[in-house]
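Please read it beside the sequence and the structure.

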Amino acid sequence: MLSSGNWRKDEKIVTTSEAVEEDMVFITTTSNNLSIEDEEDENNFQEDEEDENEIELSKIEEELKKEEEENEEEVEVKSNKKKEEKELKCNTKWIENFLIATFDIELGQKIQQVYPSEHNLTHQQLMDIAYLSFPDGNNQTSTFGGATSDKPSTSTWAFRTSDDLFGYVYFMQQQDPNVKRGFVMTSIIITSKLPFIKLFRYMVQRIALIYFKQVEKIKLEKSNERSSSSIPINGNFVFEKAMLQVNSWEYPKVDFPFELSFFGQKIKYRSPIYLPQTVSHQGIVGNNNININREDNNLKERLLGRKYPFQQEVNIYRNFINHSIENLIKYWELVLTGEPLLILSPTPTQCCVSIFSLVSLIAPIPYGGDIRPYFTVHNQDFKYFSQMGGHHGFTSAMIGVTNPFFIKAYENWPHIITVGKQLQSMKKNGALPNNNGNSSSIMSTSPMSSIVSGNKLISFFTNIDNDTNERKQLMWEYKETFLSKKKNFIINVDFSNLKLLTDDIDATNQNSADTINNDQIRKFFEELTETFLHPVHQCFDTLICSMTTFIIRSEHSKVFKPEKFVNYVKKFGYNEKIFKGKKSSDVFELYKRFIYSANFKCFMENRLREAYVNDVKHTDIEELLKDGKITEINLIDLFLQVKQDLLDELRTYYDQEVISRLQLFLKQILSRLPDSLKTHLERQLQNIMLEN
């Protein structure tokens, strides 16, 4: 029997496979305790996506019913009437807004409500959020996921705007004979600057269940009024409660274990060790004293998936089950160098999971490009991305789409990856047409090659055809494939030691096997990444040793120049085991493309931050100032540089220990200056502390 742990739920043992099969976002639920630290897929993509969402919905409904019976008071809500009380704002920087979006047959997608109503979202931002909160395809208004009169269709996904704002969506579509199209579509959205996908996914599900339950009550009360269900009620009754609870949380931090109370549950969540660089860090509290042990291959740590952003959100094995390991290595190379990637999937959820899977392949290197987990033709940046290539060149970007029109609109894009099986109900409703009429998914019909060694093992399989006709064909007949204009891939690594468990395991343990397989794939790519980075780490350590002190951040850019890393690789070489049979000139070109990419810039920022914090905490400033060559001008210059570092720390990282150390440095510098200068500089320092 395969198992990566057992969990307790209401005094009942719940295995890993059961928890994943139910698409849960937590490990344990002992009375009112939840934990979100497991390595679990955002969506299992079973044959019927609605079934797994129904399990989640019924489970949360059961919890809500229990809470109501025990300690909840009856809430009365009047439709479309604003609350008289002052609306709450988030004071703890976890979230920005709650929103309700609806689909109107004449007006299209629109934002029905924003909470709090006093917000900083522009009209264009609201339009983008509205479009990103609904499925986008050839026939967007067809029934999504096959909703029936007694069983609504639901789905969750995430998106990111050009303003570094993440959105977390709970979408529901339900048949309603009282409206023109025969069904109602509504989305509940949480916006945040934090990419904590699994945590916010659970939160938006919880909020949506409470909201839609109240909608159903009002619908029953007004069953005699035609079209009453098409008008959503005001969500203040649940948004206010949610905001009140979030405001009781401590400020968000990186690499920190949180215990968060939310609607009667205590959630345990471990944040990653850093946030992606594409996210604005302004005002986010965090202890960034990061000490990565590159030799640590602890199985438990990786299974929990909390070390790097997005790793705890997705299961690579399950999402790319129809793609060969050779192709995954190619995807790793494309992501590493920041190549533009267009990801086509049947649903927004599959788009998100695919994007986060690809981004996490190169960990611990952060992805520095533009990530759009879900993107539509109506987005304000649609034209910008369509003009990439040709005279405009390419920037590093990864976009997830569901509309095949992007294949034509973005024909200059060099790489297309199609990921995810197509639901039978989607083919029936024409969301993504299949000319051959075959309703079975690619996942069940694609041939799978196997390797036998001890246990039966399985590898991936997929089609590769780079012909332009294949791109045209994809617009009319969806299939999982990889199309690339790139002819020469440089990475050539032996993966025969990658042992994956076969799917002949009984169904109750299949998800446990998937988790273990995912761990093996992650371990393989972490080792590949570290092998590739070895000369980069060596060069970094050499440059650090050449510096007298590391506490002056302005000096970093002068020392750690990209060309120094390129020259180091050329002079001292690289590990040939991942470049078997490849020309040295091609390998150097790969390193050069990486070193001049946005990924390398983010990677260096993290490494420099790590070294900077370590130096600040252990530098004896008195010893440094004893140098007889330091003049008064040098002291003033040093004061101004450290003062700027303090300002950056206050506005960006807010590490209290670093702030205290920098303040101490400034006082020690001031003590060596004449009183005439000291008074003026002390006043500057006081103003900084008061303003921040």
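Contact here means heavy atoms within 4.5 Å. Helices (H or I, at least four residues) and strands (E, at least two) are DSSP runs, numbered from the N terminus. The model is predicted: local features need pLDDT of at least 70, side-chain atom pairs count only at pLDDT 80 or more, and totals for chains, interfaces and linings use all residues. Residues are numbered from 1 along each chain as its sequence is written, and side-chain values use heavy atoms, with hydrogens and water left out.

**Overall**

The protein has 23 helices and 18 strands. Of its 692 residues, 57% count as buried, where buried means under 20% relative accessible area, exposed over 50%, and partly exposed in between (1.4 Å probe, protein chains only). The accessible surface comes to about 29,900 Å², and 47% of this belongs to carbon and sulfur atoms; areas come from the Shrake-Rupley method with a 1.4 Å probe, and for residues only the protein chains shown count as cover. Among contacts between residues at least 6 apart in sequence, 74% join residues at least 24 apart.

**The sheet and its helices**

Five strands form an open sheet in the order β5-β4-β8-β7-β6, with antiparallel pairing. Two strands pair if DSSP finds at least two bridges between them. At the edges lie β5 (108-115) and β6 (153-160), each of which pairs on one side only. Neighbouring strands are turned by 20 degrees against each other on average, direction ignored. Axes are lines fitted to C-alpha atoms, for helices over the stretch in contact, and angles run from 0 to 180 degrees between N-to-C directions.

Strand β4 (residues 97-104) pairs with β5 in the antiparallel sense over seven bridges. D104 stands opposite G108 in β5.

Helix α3 (residues 123-132) packs on the sheet and touches β4, β5, β6, β7 (166-175) and β8; its direction makes about 115 degrees with that of β5. Helix α4 also packs on the sheet, touching β4, β6, β7 and β8, and its direction makes about 140 degrees with that of β8.

How much of α3 is covered? Seven of its 10 residues are buried: Q125, L126, D128, I129, A130, Y131 and L132. These buried residues pack against β4, β5, β6, β7 and β8.

**Aromatic side chains**

There are 42 aromatic pairs in the structure. Rings of Phe, Tyr and Trp (its six-membered ring) pair if their centres lie within 6.5 Å; planes under 30 degrees apart count as stacked, over 60 as edge-to-face and the rest as tilted. Two of the pairs are tabulated.

| Pair | Centre to centre | Angle between planes | Class |
|---|---|---|---|
| F166 and Y168 | 6.5 Å | 15 degrees | stacked |
| F196 and Y269 | 5.4 Å | 50 degrees | tilted |

F166 is buried at 1% relative accessibility, and Y168 is buried at 2%. F196 lies in the loop between β8 (183-192) and α4 (197-221), whereas Y269 lies in strand β10 (residues 265-270), so this pair links parts of the chain 73 residues apart. Both F196 and Y269 are buried at 1%.

W332, F532, F565, Y574, F579, F588, Y591, F594 and F600 form one aromatic cluster.

A charge sits over a ring if NZ of Lys or CZ of Arg is within 6 Å of the ring centre and within 35 degrees of the ring normal. The charged end of K253 is placed in this way over F256, 4.5 Å from the ring centre. For R553, the ring is that of Y612, with its centre 4.3 Å from the charged end.
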